[in-house]
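Take a moment with the sequence and the model. Then follow the chain from its overall plan down to single residues.

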Amino acid sequence: MGYSGTRAYSEAPHAVQLFLPLYDNAGQPFPRADFARVRDQLTERFGGVTAHTRAPARGQWKDDEDGETVRDDMVVYEVMVAELDRAWWAKSREQLRETFRQDELLVRAWVVERL
């Protein structure tokens, strides 16, 4: 992680990842400003962010209604947090879901064991 020297990282027992789609359902790319705003907000709140952007993550799944395979390219943002504020993340996830016009938006967290 690029911010490994900060106090936030050294005390962080959780990693949180946000999966943000690069394109809307019509295939139009989201503005770069949307991603920059998320990156800047995470940096301001948590002291740093890692953006996995070089090769977009690719997801696919079967649509429940018609069984069609749906694909999505996404960027993954990751932060290290000292405390997991579930209410803040739920609110943030909902705002991002609206910004990126998604039915669902994945935000996941896990406990980090430093080696």
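This is a predicted model: local features need pLDDT of at least 70, side-chain atom pairs count only at pLDDT 80 or more; totals for chains, interfaces and linings use all residues.

Residues are numbered from 1 along each chain as its sequence is written, and side-chain values use heavy atoms, with hydrogens and water left out.

Start with the plan. The protein has 3 helices and 4 strands. Read from the N terminus, the order is α-β-α-β-β-α-β. Helices (H or I, at least four residues) and strands (E, at least two) are DSSP runs, numbered from the N terminus.

Now look at the contacts. A contact means heavy atoms within 4.5 Å. Take those between residues at least 6 apart in sequence: 72% of them join residues at least 24 apart.

Next comes the surface. Accessible areas come from the Shrake-Rupley method with a 1.4 Å probe; for residues, only the protein chains shown count as cover. Of the 115 residues, 33% count as buried. Buried means under 20% relative accessible area, exposed means over 50%, and partly exposed lies in between.

Which strand holds H14? H14 is in β1, residues 14-21. H14 counts as buried because its relative accessibility is 17%. Leaving out residues up to four places away in sequence, H14 touches V79, M80, V81, L84, W110, V111 and V112.

Move on to E83, in the loop between β3 and α3. E83 has 68% relative accessibility, so this residue counts as exposed. From E83 to A15 is 68 residues in sequence, yet 9.9 Å in space, C-alpha to C-alpha.

R101 sits in another loop, between α3 (86-99) and β4 (107-111). R101 counts as partly exposed because its relative accessibility is 48%. Its phi is near 45 degrees, a positive value in a residue other than glycine. Most residues other than glycine have a negative phi.

Last, find the loop between β2 (50-62) and β3 (69-81), where D66 lies. Is D66 buried or exposed? At 51% relative accessibility, D66 counts as exposed. D66 also belongs to a negative surface patch, together with E65, E68, D103 and E104. Such a patch takes residues with over 30% relative accessible area and no salt bridge, and joins like charges within 9 Å. A salt bridge is a side-chain nitrogen of Lys or Arg within 4 Å of a carboxyl oxygen of Asp or Glu. Asp and Glu count as negative, with the charge placed at CG of Asp or CD of Glu.

Key
Patches are made of residues with over 30% relative accessible area and no salt bridge: like charges are joined within 9 Å, nonpolar side chains (Val, Leu, Ile, Met, Phe, Trp, Tyr) within 5 Å. Buried means under 20% relative accessible area, exposed over 50%, partly exposed in between (1.4 Å probe, protein chains only).
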